[in-house]
Amino acid sequence: MSPSPLRPPVIAVFGSSTVTERDPAWHAARTLGAELATRGFVTMTGGYDGAMAATSRGAREAGGHVIGVTVEMFERRGPVNRWVSERVHTPDLFERLRHLTHEADGYVVATGSIGTLTELFLVWTMVAVAGREPAPIVLMGEHWRPWLELHRTPEFIPERLHPFVEVADTPAQAAIAVERGLARVRESRTTVPGSPA
């Protein structure tokens, strides 16, 4: 999705729905939300609890706009978190994933389980095969480094796919990485073929 001149870029954040304020991952997500908002980004999350609520809270407290993408099958878990300023409610999980992977301009992936990994792999695939416009994908947390190395084999994730993601150790570094990634995307759009880069 190309950022509209009428609105700031939207950054989708994926992360665990079960982390709480007792967990370092929750506080990292809250800090990430603030870091994104202070850079002028709109934050998009899954809209419910855990890292989604933490990111939403951090962004709203820093004056940012937060989009929550909810889904009918998860309504039994409870209402949208109170820091969401704009709700997009989807009828099923597939439409929710489509919205998250197509309507954001960049992505930060925090700590999470199979739902978070599903979101990561889907957006990674879409970017890698040009199924959507280029977008930065940032994995937040040093734990992603050994995870990536473990899967850096021809049988799992071949070398040619690794340049589509990068790891940032801290929330501030993740926000900076997204900002730089968006700048690279904008630069690639304005470079005239055949002209000096």
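Helices here are DSSP runs of H or I with at least four residues, strands are DSSP runs of E with at least two, and both are numbered from the N terminus. Welcome to a predicted model, in which local features need pLDDT of at least 70 and side-chain atom pairs count only at pLDDT 80 or more, while totals for chains, interfaces and linings use all residues. Residues are numbered from 1 along each chain as its sequence is written, and side-chain values use heavy atoms, with hydrogens and water left out.

**View 1. The second largest pocket, with α6 in its lining.**
A pocket is found on a 1 Å grid over the protein atoms alone, as an open set of points where a 1.4 Å probe fits, with protein on both sides within 12 Å along at least five of seven lines; its lining residues have an atom within 4 Å of a point. Grid points are joined across faces, edges and corners, and the volume is the space filled by probe spheres set on the points. The second largest pocket holds about 200 Å³ of space. Ala135, Pro136, Pro163, Phe164 and Arg184 are the closest to its centre among the 14 lining residues. Helix α6 gives the largest share of this lining, four residues, and strand β6 (137-140) also supplies at least two. By class, the lining has ten nonpolar, two polar and two charged residues; here Ala, Val, Leu, Ile, Met, Phe, Trp, Tyr, Cys and Pro count as nonpolar, Asp, Glu, Lys and Arg as charged, and the others, Gly among them, as polar.

**View 2. Helix α6 again, now packed with α1.**
Two packed helices are described by the angle between their axes and the distance between the axes. Axes are lines fitted to C-alpha atoms, for helices over the stretch in contact, and angles run from 0 to 180 degrees between N-to-C directions. Helix α1 (residues 24-38) and helix α6 (residues 171-190) pack at about 40°, with axes 8 Å apart. The two are therefore oblique to each other, the word for angles that are not under 35 degrees (roughly parallel), over 145 (roughly antiparallel) or 65 to 115 (roughly perpendicular). Their crossing is right-handed, meaning that the near helix is turned clockwise from the far one by less than a right angle. Look for Ala28, Thr31, Leu32, Glu35 and Leu36 of α1 meeting Pro171, Ala172, Ala174 and Ala175 of α6; contact means heavy atoms within 4.5 Å. Seven nonpolar, one polar and one charged residues make up this contact.

**View 3. Helix α1 with another partner, α2.**
Helix α2 (residues 51-61) packs with α1 at an angle of about 35°, and the axes are 6 Å apart. This crossing is right-handed. From α1 come Trp26, Ala29, Arg30, Gly33, Ala34 and Ala37, which meet Ala51, Ala54, Thr55, Arg57, Gly58, Ala59 and Glu61 of α2. The contact divides into seven nonpolar, three polar and three charged residues.

**View 4. The largest pocket and the elements that line it.**
This pocket has a volume of about 400 Å³. Of its 23 lining residues, Phe74, Arg96, Gly115, Thr116 and Glu119 lie nearest the centre. β1 (10-14), α3 (93-102) and α4 (114-128) each supply at least two lining residues. Ten nonpolar, ten polar and three charged residues form the lining.

**View 5. The crossing of α3 and α4.**
The axes of these helices come within 10 Å and cross at roughly 55°, and α3 and α4 are therefore oblique to each other. Leu97, Leu100, Thr101 and His102 of α3 make the contact with Thr118, Glu119, Leu122, Val123 and Met126 of α4.
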